[in-house]
Amino acid sequence: MIDKLISEIKKIDTFSDEEIDLFFGYLAEGFIAKGDHFLKIGEVSHYVAYITSGLAMHYKMYDGIEIPIDFTSEGEWLAYLKSFSNRTPADVAIKALEDTRILKLSAMKMQELFQWQPKFMALKNFYTELSFMNNAQLSANLAMLDGKKRYYKFMREKPDLVNRVPHYLIAAYLGIKPQSLSRLRNEK
């Protein structure tokens, strides 16, 4: 996964090996046990993290039920930018669905990195825009596609998650009932 991250970074901008080493020097290894939280509702997010192995879920609470709004797995960045950027209490929680290993970067370390090398702001801008586009696409899918099409799109775009995420969470994420998801899975 580290090689994948380095490759991604080098596609975003022309970073030297020394600059890549500088970036990795600011990252700290971390571990989130299955069921533990990276961020709880009401906390201020102090970190962004790159998942090297494992799976996490962003969720909101509604009537005491966790409603998934995103899944993040290895090779992806884990963050709740609204809280992280604005330094406000989170209205979204993030928890591990599997034991998850991460490389984390604190808000303070990120600012230090930007001061040492402003060029790294290109990474933040790229990943912020990517997050915005993904959220806009999910909103469009929920508004315009029926449950069957949303499920097939999820299977195409995130095939590795189909058997890793509990089915009731996939159903909630897609905005369909678990029974409807079972029917769709049996149609294949």
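## Salt bridges: the ground rules

A salt bridge here means a side-chain nitrogen of Lys or Arg within 4 Å of a carboxyl oxygen of Asp or Glu. The idea behind it is simple: side chains of opposite charge can pair when their charged atoms come close.

A quick word on where this comes from: the model is predicted, so local features need pLDDT of at least 70 and side-chain atom pairs count only at pLDDT 80 or more, while totals for chains, interfaces and linings use all residues. Residues are numbered from 1 along each chain as its sequence is written, and side-chain values use heavy atoms, with hydrogens and water left out.

## A bridge inside α6

The structure has 12 salt bridges. One of them pairs E157 with K153, with 2.5 Å between the closest N and O atoms. Both residues sit in helix α6, 4 residues apart, which puts about one helical turn between them. (Helices are DSSP runs of H or I with at least four residues, strands are runs of E with at least two, and both are numbered from the N terminus.)

How exposed are the two partners? E157 is partly exposed at 48% relative accessibility, whereas K153 is buried at 14%. The cut-offs: buried is under 20% relative accessible area, exposed is over 50%, and partly exposed is in between, using a 1.4 Å probe and protein chains only.

## R164 and its partners

R164 makes a salt bridge with E98, at 2.8 Å from N to O. E98 belongs to the loop between β7 (93–96) and β8 (100–106), and R164 to the loop between α6 (147–157) and α7 (167–174), so this pair ties together parts that are 66 residues apart in sequence. E98 is partly exposed at 23%, and R164 is partly exposed at 24%.

R164 also meets D160 in a salt bridge, this time at 3.5 Å from N to O. D160 is partly exposed, with a relative accessible area of 37%. Through shared partners, salt bridges join E74, E98, D160 and R164 into one network.

## How α7 packs on α8

Two packed helices are described by the angle between their axes and the distance between the axes. For α7 and α8 (residues 178–187), the axes come within 9 Å and cross at roughly 105°. Axes are lines fitted to C-alpha atoms, for helices over the stretch in contact, with angles from 0 to 180 degrees between N-to-C directions. The two helices are therefore roughly perpendicular, a label for angles of 65 to 115 degrees.

On the α7 side, H167, I170 and A171 meet P178, L181 and R185 of α8, contact being heavy atoms within 4.5 Å.

Terms used. Parallel < 35°, antiparallel > 145°, perpendicular 65-115°, else oblique.
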